[in-house]
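This report describes one structure, shown below, in short sections.

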Amino acid sequence: MPEQPYAVQLSGMTKRFPTATGEAYTAVRDIDLAVAPGRFVSVVGPTGCGKSTLLNAAAGLMPPSEGTVHVYGEPLQGLNRRASYMFQQDALLPWRSVLDNVTLGLRIRKVPADERAEQGRAWLERVGLGAFAAAYPHQLSGGMRKRAAVAQTWIVDPDILLMDEPFSALDVQTRQLMENELLTLWTGSEKTVIFVTHDLDEAISLSDEVVLLSAGPDSEVVGGYPVDLPRPRDLMDIRNSPEFNDIYRRIWSDLRNEVMKSYERRARTLQAG
Ligand SMILES: Nc1ncnc2c1ncn2[C@@H]1O[C@H](COP(=O)(O)OP(=O)(O)O)[C@@H](O)[C@H]1O
Ligand SMILES: [Mg+2]
């Protein structure tokens, strides 16, 4: 029996960006990242280490300079149509109602209007925005906008969710609520999630595995750390458990090194400049 292919597999991926001086900047180098179907994997690392670059490559928004991207075993060409992308900054259109925003992806897929509205309303109910279908994004709080953005990415039923620091702008309480709700949605969905965050706490509490990137330039994978905490998880309880703290300490000692390296590099650049 053939082995099941990975949902997303980056192999030997290097990404260089052109710079003003003419010398290319190598953001990430020789990255291997394989995410099995249905897994929840977080990518953690200091700011600027290349987390978004990896997600962009998985989304097909940006081809690697070297290496390959495979999606369910097929080389990725153009956009990754099996994935939905959720950015740190939500992508709600200010001139459209919440319902129209949430159903945008269905509209693009030419789903008939009545069916769109029906699915859209069901999703708004699911994320606790049932009463806000006709409202506009500016009438929503930060947390409510996130809920709308979650509905917007999930309504198209993607196999893969690429989430780039989606909750980092929220206050601590709202953030924890959203994290819990994300896990509730994901549980039993069999969807693959690649979740980017600079917050180790968030990464561990949500994930099956945490992948740590080193400080840039030339970021590499420092390691992958399995998170064998039982599911379903209550994020409040789990963060107080000794098992959580063991995993946290183990990853943090490695992450701390990378954060320090990244500070030192930035300090040197400032002195030189
Ligand atoms: N389009 C681009 N052009 C030039 N440099 C870029 C571009 N995108 C990202 N970079 C650089 O690549 C590095 C990694 O960026 P990014 O993936 O956004 O990091 P992270 O998401 O981990 O904060 C950063 O130093 C950033 O400045
Ligand atoms: Mg980023």
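## Asn 240

The side chain of Asn 240 comes within 3.2 Å of the backbone oxygen of Met 236. This is a predicted model, in which local features need pLDDT of at least 70, side-chain atom pairs count only at pLDDT 80 or more, and totals for chains, interfaces and linings use all residues. Residues are numbered from 1 along each chain as its sequence is written, and side-chain values use heavy atoms, with hydrogens and water left out.

Asn 240 sits in the loop between helix H8 (235-238) and helix H9 (242-272); helices are DSSP runs of H or I with at least four residues, numbered from the N terminus. Asn 240 is exposed because its relative accessibility is 62%, where exposed means over 50% and buried under 20% (1.4 Å probe, protein chains only).

## Two domains

The domain assignment, automatic or from a database, gives domain 1 (8-82 + 159-272) and domain 2 (89-157). Their centres, taken over C-alpha atoms, are 26 Å apart. In contact (heavy atoms within 4.5 Å) are 15 residues of domain 1 and eleven residues of domain 2.

Two salt bridges are counted between the domains, each a side-chain nitrogen of Lys or Arg within 4 Å of a carboxyl oxygen of Asp or Glu. On the side of domain 1 that touches domain 2, H6 gives the largest share, seven residues.

## Helix H6

Helix H6 covers residues 172-186. Its buried residues include Met 178, Leu 182 and Trp 186. Gly 188, which follows H6, has a positive phi near 80 degrees.

Notes: Chains lettered and ligands numbered in written order. Helix = DSSP H or I, 4+ residues; strand = E, 2+ residues; numbered from the N terminus. Polar contact = N/O pair within 3.5 Å; in protein donor to acceptor, adjacent residues only side chain to side chain. Expected span 1.5 Å × (residues − 1).
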